[in-house]
Amino acid sequence: MQGANMLLDEPVRLTSVLTPVKPKVFPSLTKIVGTLGPQSHSVEVIEECLTAGMAVARFDFSWMDATYHQETLNNLRKAAQNVKKLCPVMLDTLGPEIQVHNSTGGPIELKAGDHVTITSDISKAPSSEILPIKFGDLAKDVKKGDTLFIGQYLFTGSETTSSWLEVLETSGEDVECLVTNTATLAGPMFTLHVSKAHVSLPTLSDYDKEVISTWGLRNSVDIISLSHTRSAEDVREVRSFLQSHDLQDTQIYAKVENTEGLDHFDEILQEADGIIISRGDLGIDLPPEDVFLSQKIAIKKCNLAGKPVIITRVVDSMIDNLRPTRAEATDVANAVLDGTDGILLGAETHRGPYPVDAVSTVGRICAEAESVYNQLVHFKKVMKHVGDAMPHEESVASSAVRTAMKVKAAAILVFTFSGRAARLVAKYKPPMPVLAVVFPREGSDPTKWRSYGTTQARQCFAVRGVYPLMGSTEEAETGGLTKEEYGIKLAQNYGRSVGMLKPFDRLIIFQKIGDSSVVKIIECDSS
């Protein structure tokens, strides 16, 4: 294979791998999404997660109520203030998820060869013979021979804690199934997944609408993670709902986790602000040998479109263990080499005993993979995809990245209002960080912009390599500086404080002046 087509930047010598790497002061370019829960609820632990590299905080509303999540969010805000970091809030919807509530609390033994009935009669206690669900149309949505999967909340992926069921027959609202593998279901709640069949439940449930219109609105959530996205219409419906509830600035990341979502991936990508490849459920719908290919194709499409893509379920063993398996570590690195923007940690930070270690370990793996990422190959692919008739702003953004690579710049500085310019630069995956100084648009209401600007800045944190900073026109004027001078000073001070910049480092500046976009090179101050 020719070097220009390799995943790695250049052949890596074994001696270089064995040589201890000097740790970076600032996190990896790849962003880490941490799900906050019982093990990551306190201010102290959240502070440690943020310091270790957590860039986005995910709130999963399929677990616990709004009061609990509000306490966690309040703690996140305190922690972010303490460590002087912005952190976007991602609200994960429940979607068309079918749940079995284990009202008895005891373990349920399912044995291979036995029969179990899934019923909509929730008055019946769950047992090894019957599993009640709050959904009366399952019998209409499945047929004989279909496969169902039932497992603990936040699937562990272990065959001893989840079971595959084969539909034998339906009767009224009951579905009789054959248990194909022995398993012990334990915990307060199990999730039932129907493989390769359309479930007639809305993607945005009534519960989701209530949560978004109350908790989401009250906290001005930055990102909605739309679980079980099956079509572009799902995204449009949520967009309309957000706009009708004064959340028009909230981004939508479509969570693709079934074959329906893959079938309509191109249309979903066009409508959504970002994509989450949810490999938990996707790994149930697809044969094991097809999961890697769907991931690679999806990442490539997102990269070419310049939209963030996040991968889930990479270090499941860290739910219980301090270290990931060798296969998991390789999986994380391969996702980075494929071009993912972020890694999402679920149960690892939610209920695992090592949330901070999970974040820091994944961050180190990402950083190591980034050091050998073949950025030039990616750059050429994106340039070819965009074509010769490139919009002016994107042309300058790509030039900024090319210039930064040629002069070995330490960082790229972008002045932006909406974050779009920073995302355009990030589309070309520069090997250095992108410092995005978010300024208010001229003539905007300062009181309204502060909220809007903070949202735009926080949302940039989900994009690979982008580190947003809040700019202030008033502070610039008070200090007798132009907006550009102020932005450069702000970026340099931040870069030095996190070990990203040092005296005499080269800094590429990308900014829009009037209707034009320009690129220039400066040297960092020696002071």
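Is K143 buried or exposed? K143 comes out as exposed, at 55% relative accessibility, where exposed is over 50% relative accessible area, buried is under 20% and partly exposed is in between (1.4 Å probe, protein chains only). The model is a predicted one, so to speak of local features a pLDDT of at least 70 is needed, side-chain atom pairs count only at pLDDT 80 or more, and totals for chains, interfaces and linings use all residues. Residues are numbered from 1 along each chain as its sequence is written, and side-chain values use heavy atoms, with hydrogens and water left out.

K143 has a partner: its side chain meets that of D146 in a salt bridge, 3.2 Å from N to O. A salt bridge here is a side-chain nitrogen of Lys or Arg within 4 Å of a carboxyl oxygen of Asp or Glu.

D92 sits in strand β3 (residues 89-92) and R58 in strand β2 (residues 54-60), so the pair ties together parts that are 34 residues apart in sequence. Strands are DSSP runs of E with at least two residues, helices are runs of H or I with at least four, and both are numbered from the N terminus. Both D92 and R58 are buried. The two also belong to a network of salt bridges that links R58, D60, D92 and K255.

Then there is R236, which pairs with E271 at 3.1 Å between the closest N and O atoms. Since R236 lies in helix α6 (residues 232-244) and E271 in helix α8 (residues 265-271), this contact ties together parts 35 residues apart in sequence. R236 counts as partly exposed at 38% relative accessibility, and E271 is partly exposed too, with a relative accessible area of 27%.

K196 has a phi near 55 degrees, a positive value in a residue other than glycine. K196 is found in the loop between β12 (189-194) and α5 (206-218), and at 53% relative accessibility K196 counts as exposed. R313 likewise has a positive phi of about 55 degrees although it is not a glycine. The loop that holds R313 runs between β16 (309-312) and α11 (326-338), and R313 is partly exposed, with a relative accessible area of 24%.

The structure holds three cavities of 30 Å³ or more. A cavity is a set of points on a 1 Å grid over the protein atoms alone where a 1.4 Å probe fits but cannot get out, and lining residues have an atom within 4 Å of a point. Grid points are joined across faces, edges and corners, and the volume is the space filled by probe spheres set on the points. The second largest cavity has about 80 Å³ of space. Its lining includes C302, N303, D341, R423 and V463. Elements giving two or more residues to that lining are α10 and α16 (420-426). By class, the lining has four nonpolar, two polar and five charged residues.

Key
On a 1 Å grid over the protein atoms alone, a cavity is a set of points where a 1.4 Å probe fits but cannot get out, and a pocket is an open set with protein on both sides within 12 Å along at least five of seven lines; lining residues have an atom within 4 Å of a point. Ala, Val, Leu, Ile, Met, Phe, Trp, Tyr, Cys and Pro count as nonpolar, Asp, Glu, Lys and Arg as charged, and the others, Gly among them, as polar.
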